[in-house]
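The exercises below go through one protein chain step by step. Try each task before reading its solution.

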Amino acid sequence: MDTHYDLIIVGGGPIGIACGLEAQKAGLSYLILEKGCLVNSLYNYPANMTFFSTSERIEIGEIPFVSNNVKPVRNEALEYYRRVAVSHHLNLHLQEEVKEIRRGGSVPGLDAAASPFNVHTSRGAYSSTHIVLATGFYDLPVLLGIPGENLPKVTHYYKEPHFYAMQKVVVVGASNSSVDAALETWRKGAEVTMVIRGEGIGRRVKYWVKPDIENRIKEGSIKAYTYSTLSDIREGEVTLRTPEGIVTLANDYVIALTGYQPNFSFLRAAGIQLSDDEKLQPFYDPATMETNVKGLYLAGVVCGGMNTHVWFIENSRVHSTMIMEDILRKRG
């Protein structure tokens with residue numbers, strides 16, 4: 001083992017950073033491990049994304065977040081969280097992926113009964129008395145499971161619209177990300193078709209965007225197939241199942257924004273129990289955020305399992321203080 005810590009935090013997103021700030025305040029030795037760049041999930045958001053929350057609702061560590069407008073945009077959030085990490089000299093390892101967490105072993109100077117966690121990463125190995133998993137859910141898309149989904153023309157992430165100018169684009173989904181992709185690519189000259197499983201645009205779509213997309217659909221600028229699914233993707237075309245039957249469309253690109261999910265295999269490998277229904281809810285104590293594995297905590301959106309519309313930055317920031325209070329109680 002390279003180093004022993006009081007606490008290792010897996011995930012360098014806003015909530016992982018918040019946990020690091022609280023550990024720092026508490027005087028604990030800690031390390032944040034992030035497999036990608038700082039706030040990797042936010043980095044992968046669309047370039048022009050505007051947050052639903054206001055800036056003060058996504059502040060962490062009581063550090064003010066001042067944005068140009070009431071609702072911050074992606075680049076402002078990236079800069080805010082970077083400044084927080086740098087100015088507070090957080091002990092943070094980026095581009096280092098955690099491969100395995102297992103309980104057991106001993107560390108010189110510690111009572112063997114403490115049974116620390118051994119953490120193996122892409123770059124080294126560590127041990128820790130406590131673990132926080134703040135891994136989010138944005139890294140694993142929910143796949144369509146249809147022929148052609150692995151073609152280069154298909155993406156499960158949308159970045160910016162210029163690439164799709166003057167192309168025939170299918171957008172799968174009716175969420176905020178789907179609506180943003182449809183509107184932005186259409187405004188860059190793409191011929192856009194939306195494929196929507198339900199009756200229409202999702203009710204959680206940002207209130208200042210929803211009328212825009214519904215009006216574009218109503219006027220026919222953007223074609224939308226409701227109660228429909230994409231069934232096959234091929235070079236140059238796609239096939240849909242619609243209430244009126246099978247429809248084949250000429251197509252250049254598919255933007256399949258069908259949602260994302262936590263890394264359940266990683267959670268299970270760490271010993272965390274998941275509910276046996278479709279939500280795959282991880283077990284944790286809502287008063288402390290500790291899982292069924294003693295000393296291992298959850299923080300942030302990963303707590304929701306497949307129900308990814310429960311936890312956000314603004315309502316899970318408190319997890320960091322709850323966890324640190326429990327750790328300090330245990331340390332006496």
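**Exercise 1. In which helix is the place of R74?**

Solution. The model is predicted: local features need pLDDT of at least 70, side-chain atom pairs count only at pLDDT 80 or more, and totals for chains, interfaces and linings use all residues. Residues are numbered from 1 along each chain as its sequence is written, and side-chain values use heavy atoms, with hydrogens and water left out.

Step 1. Helices are DSSP runs of H or I with at least four residues, strands are runs of E with at least two, and both are numbered from the N terminus.
Step 2. R74 belongs to helix α3, which covers residues 74-87.
Step 3. Across the chain, the secondary structure comes to 8 helices and 17 strands.

**Exercise 2. Describe the surroundings of R74 and find the nearest side chain of opposite charge.**

Solution. Step 1. Contact means heavy atoms within 4.5 Å. Leaving aside neighbours within four places in sequence, R74 is in contact with L42, Y43, Y45, P46, A47, M49, F51 and K159.
Step 2. Buried means under 20% relative accessible area, exposed over 50%, and partly exposed in between (1.4 Å probe, protein chains only). R74 is buried.
Step 3. Lys and Arg count as positive and Asp and Glu as negative, while His and the chain ends are not counted. A salt bridge is a side-chain nitrogen of Lys or Arg within 4 Å of a carboxyl oxygen of Asp or Glu.
Step 4. R74 has no salt bridge, and the nearest side chain of opposite charge, E160, is 11 Å away.

**Exercise 3. Which residue forms a salt bridge with R82, and how many residues apart are the two?**

Solution. Step 1. Side chains of opposite charge can pair when their charged atoms come close.
Step 2. The partner of R82 is E79, with the closest N and O atoms 2.7 Å apart.
Step 3. Both residues lie in helix α3, 3 residues apart, about one turn of the helix.
Step 4. R82 counts as partly exposed because its relative accessible area is 37%. E79 is also partly exposed, at 30%.

**Exercise 4. Examine the salt bridge of R216 and name the network that contains this residue.**

Solution. Step 1. R216 pairs with E219, the closest N and O atoms being 2.8 Å apart.
Step 2. Both lie in helix α5 (residues 210-219), 3 residues apart, about one turn of the helix.
Step 3. R216 counts as buried because its relative accessibility is 16%, whereas E219, at 47% relative accessible area, is partly exposed.
Step 4. Salt bridges that share partners join R187, D212, R216 and E219 into one network.
Step 5. A search of the whole structure finds 18 salt bridges. Another of them links the side chains of D232 and R234 at 2.5 Å, N to O.

**Exercise 5. Is A85 buried or exposed, and which residues does A85 touch?**

Solution. Step 1. A85 lies in helix α3.
Step 2. A relative accessible area of 9% is why A85 counts as buried.
Step 3. Not counting residues up to four places away in sequence, A85 touches L38, L90 and L92.
Step 4. N263 is 178 residues from A85 along the chain, and their C-alpha atoms are separated by 25 Å.

**Exercise 6. What share of the residues of the chain counts as buried?**

Solution. Step 1. The chain has 332 residues, and 50% of them count as buried.
Step 2. The C-alpha atoms fill a box of roughly 70 × 40 × 35 Å, taken along the principal axes.
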